[in-house]
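Have the structure open beside you and take your time turning it around.

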Amino acid sequence: MDSKKGPEESPDTTSAGADSTTTAVPMEETKPSGSTESSQTSSTEPGLLPGETVVREGKAAILFPSANEVFYNPVQEFNRDLTCAVITEFAREQLAQRGVRILIPGEKDRVVVRLSKEKNGNVDQETSEQPENEQQMEEEGDKKEFITASVGERCEQGLRVLEGLAASGLRSVRFALELPGLKSITANDYSAKAAALIARNAQHNNVSHILQASQRDASMVMYEARGRKERYDVIDLDPYGSPSPFLDAAVQAVSEGGLLCITCTDMAVMAGNSGETCYSKYGSVSIKSKYCHEMALRIILHSLDQRAAVYQRYIEPLLSVSVDFYIRVFVRVKTGQAVVKNSASKQALLYNCVGCGAFHLQRMGKKMSQGKHMKYSAATGPPVGPSCEHCGQRHQLGGPIWAEPIHDITFVQKVLGAVSGNPTRFRTSKRIEGVLSMVTEELQDIPLYYVLDHLSSTVHCNTPSMLQFRSALLHAGYRVSLSHACKNAVKSDAPAEVLWDIIRCWEKSNPVKRERLSETSPAHRILSKEPTLQACFEIREDANPQSRKRHLTRFQENPQANWGPKARAKAGGRISSELEDKRKQFQGKRKKQITDSSQLKSFPCKKFRKGTCTYGDKCCYSHELKEGTEEKMD
């Protein structure tokens, strides 16, 4: 993964084409802590210990050790910016009910952005709208006085926030400096060095009156806060790897209607590489598929809902995004025994064809309305036969997954309106606007998606343009949208048979060599059927979504080298040289094609490791084994 700069990026501090970039500059030339620019400074500033640097992100200036003793990944600035934006709108809604109005620096008249609505052919992109709770406050203003909460001030009627795995405390310090209406922030970490660093950073940023450092097990902190008066309004969990050990405590420790912010970085497990491990952690079997990133979002939502239901609680997803190498979900947690009964009907098993990729969902439960009451029963199934009706291949069984909408569009539009109306608040504002715009355009009632490249490659034909394929679906009377989780995604209410009919029609004008196709291949079986639908590929105006027309930053290129998950923090603070060498060796291996066969000698021979290589000295790969490899073979 080479470090590149996308075409929509710019070095300006308000650009969001890339996440945080780290630059070394003299201390005198750095901007004050209120700057939105991210930088890393090494100097003899008072309060710095030997080897420490100052990392600036948002309004925070964080003391950070140069060694890998405390975890920090600058690429996740987008994650932290988005969290600040979401909590701001959540606080606006919650505190309005308590008679508190929050003030955001730089915020003017609020707008709610709706990209998906069209009136007389014209898109209503921005509509000035005052939130209902604020209108209600103004109407009652003569009867009841309200409190104004500003950034950096402690609000007695404000929100209580817990960051369970705080590391350096950067996220919590940013909360204290950038979010109004907070009563307290507890930044917890099990590491003694991390807890000490959090306390120093709170003092360094003058937020000790709001932020308290804690050195305890995150689960125990949350288990001890299960009482109604001790619960937190917002709980943020951003662990190294899987959050599964903390979910049970989190759904109990969050207040009624409170906000859970969860990050998962174990995408190899959730995307299908290890389905059995995914089941042990989340209670769901992941499968390898083109829609794996949205499936990962639905797996974590299923796990949260399942654990909350044990305590007669349920979740309401506000925003769920798949970004870079991780997923992030924001859910509201409520209590209600009657609503919890709907949980089974919100989950679904997944049947995925290994040949053509067609998928079908099977709800776990069924509910029917009988007057004022609901009747619950077991679902009937399966929805598929022994083999795929399109290509004749077998099915894989995955799930269960969350089958309901994964976003609250009304809430997302409020966040989008606030970010687009105050673009200088976050460095990644442009990217936030692009991602949230795509979220508002998604079909909320359609789980998962197909990938256009995969559909065409299955039958070995040329790929139609996205506009042509979307237009064909619209001409056929179906709905269609993109997905923020995949660039070439096709999310539609059209059944798989219609999608293959469109591909068959496209193949007739772009024929493949049928004689080269095996009779048992999915391509041969799909193309051997005549289409029952005559597709029209004439491009329609509404086939091009507004986020694409406006050239928003939707899928950025890699922001920097080695931008993925960082190494776990260690007591000694060093990253093994073997890991660093491996990263350098395989960096950009798909883009740097080997043209000289002699270069292959730098790569080990896999067959020689297993003892099955028959080429001997003539093998183009290396037969030299390292010490660690020899030990494994022994």
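Which residues are linked in a network of salt bridges? Keep in mind while you look that this is a predicted model. The network is made up of Glu57, Arg80, Asp81, Arg174 and Glu178. Try to find each of these five side chains before reading on.

Now for the wider picture. How many salt bridges does the count come to? The count comes to 32, and we can walk through a few of them individually.

Begin with Arg427, which forms a salt bridge with Glu77; their closest N and O atoms are 3.9 Å apart.

A second salt bridge joins the side chains of Arg363 and Glu404, at 2.7 Å from N to O. Here too, distant parts of the chain are linked, this time 41 residues apart. Look for Arg363 in strand β18 (residues 359-363), and for Glu404 in the loop between β21 (395-402) and α12. Arg363 has a relative accessibility of 33%, so it counts as partly exposed. Glu404 also counts as partly exposed, because its relative accessibility is 27%.

Glu530 sits in the loop between α17 (522-527) and α18 (546-549), and Lys508 in helix α16 (residues 496-509). These distant parts of the chain are 22 residues apart. Why does Glu530 count as exposed? Its relative accessibility is 57%, and the cut-off for exposed is over 50%. Lys508, at 48%, counts as partly exposed.

Let us finish with the sheet. It is an open sheet of 3 strands in the order β22-β24-β23, and the pairing is antiparallel. The edges are taken by β22 (450-451) and β23 (480-483); each has a single partner strand, so one side of each is left without a neighbour in the sheet. Strand β24 (residues 486-492) pairs with β22 over 2 bridges, in the antiparallel sense. To see how these strands line up, find Val451, which stands opposite Ala489 in β24.

Technical notes: Residues numbered from 1 in each chain as written. Predicted model: local features only at pLDDT ≥ 70, side-chain atom pairs only at ≥ 80, totals over all residues. Heavy atoms only, no water. Pairing = 2+ DSSP bridges. Helix = DSSP H or I, 4+ residues; strand = E, 2+ residues; numbered from the N terminus. Salt bridge = Lys/Arg side-chain N within 4 Å of Asp/Glu carboxyl O. Buried < 20%, exposed > 50% of the residue type's maximum accessible area, 1.4 Å probe, protein only.
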